[in-house]
Amino acid sequence: MGVNGLLKHNRLIAALWGFAEATMFFIVPDVWLSFVALHKGFRGALWAVSFAVTGAIVGGALVYTASVWDQAATTTAIDAVPAISAGMISDVRSSLQQDALWAMLQGSLTGVPYKVFASQAAVNGIELPHFALATIPARAFRFIAVTALTVMIARLLLARASARTKTGILASCWVLFYGFYFSVMPN
C-alpha cells in the first residue's frame with residue numbers, strides 16, 4: 001500500500017494509533033499526524049487529530065479500568081514500557097493529586113506518556129468520565145500543535161521539495177527525536 005493508500009485510511013490509522021499508544025505502544029500518534037499534515041494539510045490533519053484523541057480516550061479507559069481491577073499488575077505492565085520508570089509513575093500519581101488536568105497537559109508536553117496518567121487516575125479518585133473529558137484537551141493540544149508546526153515548516157522550508165523528500169525529512173526528524181528521547185528518559 002502506497003502513501004495514497006495509507007492516507008485514504010488516515011482517520012482509522014489515527015484512531016488505532018491513539019488507542020495503541022494509550023495502552024502499550026510507545027511511539028506517539030504525533031508521528032502519524034505529522035505525516036498526515038505533511039500530505040493533507042492542516043485541515044485534513046484535524047480530522048485525524050480528532051480520531052487519534054478518540055482512540056486515546058478508548059485506550060485510556062481500558063488502562064484506567066484495568067487499573068481499577070488490578071492496580072499492581074497494571075502499574076507493573078506500564079512500568080515495562082520503554083522510557084517509563086517507577087519514579088515517573090510515582091511522580092504522576094503525586095501530580096494528579098494536585099491538579100489532574102494541569103498535570104495531564106504538562107505531561108503531554110514533557111514526554112510523560114498518557115498511559116501513565118491513565119494507570120494512576122483511579123488510584124487518585126478521579127472518576128472515569130472526568131478522566132476521559134480531561135483527555136480531550138491534554139491530547140488534542142499537543143496533537144494540534146504538532147500538525148500546525150509540521151505544516152508551517154513544510155510551507156516555509158520545504159515548499160519546493162517533492163513529497164518523497166518531505167516524507168524522508170519528516171521520518172529523519174522523528175528518528176532523531178526518538179533517539180534523543182530514549183537517551184534521556186529513565187528506564
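Analyst: Helices (H or I, at least four residues) and strands (E, at least two) are DSSP runs, numbered from the N terminus. The model is predicted, so local features need pLDDT of at least 70 and side-chain atom pairs count only at pLDDT 80 or more, while totals for chains, interfaces and linings use all residues. Residues are numbered from 1 along each chain as its sequence is written, and side-chain values use heavy atoms, leaving out hydrogens and water.

User: Which residues of helix 7 are buried?

Analyst: Helix 7 is mostly covered, with eight of its eight residues buried. They pack against helix 2 (10-23), helix 3, helix 4, helix 5 (86-98), helix 6 and helix 8. The buried residues are Tyr114, Lys115, Val116, Phe117, Ala118, Ser119, Gln120 and Ala121.

User: With which side chain does the side chain of threonine 75 make a polar contact?

Analyst: Threonine 75 sits in helix 4 (residues 71-79) and is buried at a relative accessible area of 16%. Leaving aside neighbours within four places in sequence, threonine 75 is in contact (heavy atoms within 4.5 Å) with Ile89 and Gln120. A polar contact is a pair of N or O atoms within 3.5 Å; within protein, one must be able to donate a hydrogen and the other to accept it, and residues adjacent in sequence count only if both atoms are side-chain atoms. At 3.3 Å, the partner is the side chain of glutamine 120.

User: Which element gives the most to the lining of the largest cavity?

Analyst: On a 1 Å grid over the protein atoms alone, a cavity is a set of points where a 1.4 Å probe fits but cannot get out, a pocket is an open set with protein on both sides within 12 Å along at least five of seven lines, and lining residues have an atom within 4 Å of a point. The search finds one cavity of 30 Å³ or more, and the largest holds about 40 Å³. Its lining is Met104, Gly107, Ser108, Val112, Tyr114, Phe117, Ala138 and Arg139. The top contributor, with three residues, is helix 6.

User: What is the volume of the largest pocket?

Analyst: Of the 36 residues lining the largest pocket, the closest to its centre are Val28, Asp30, Val146, Trp174 and Phe177. The largest share of that lining, nine residues, comes from helix 9. Volume here is the space filled by probe spheres set on grid points, which are joined across faces, edges and corners. For the largest pocket that gives about 660 Å³.

Note on methods: Buried means under 20% relative accessible area, exposed over 50%, partly exposed in between (1.4 Å probe, protein chains only).
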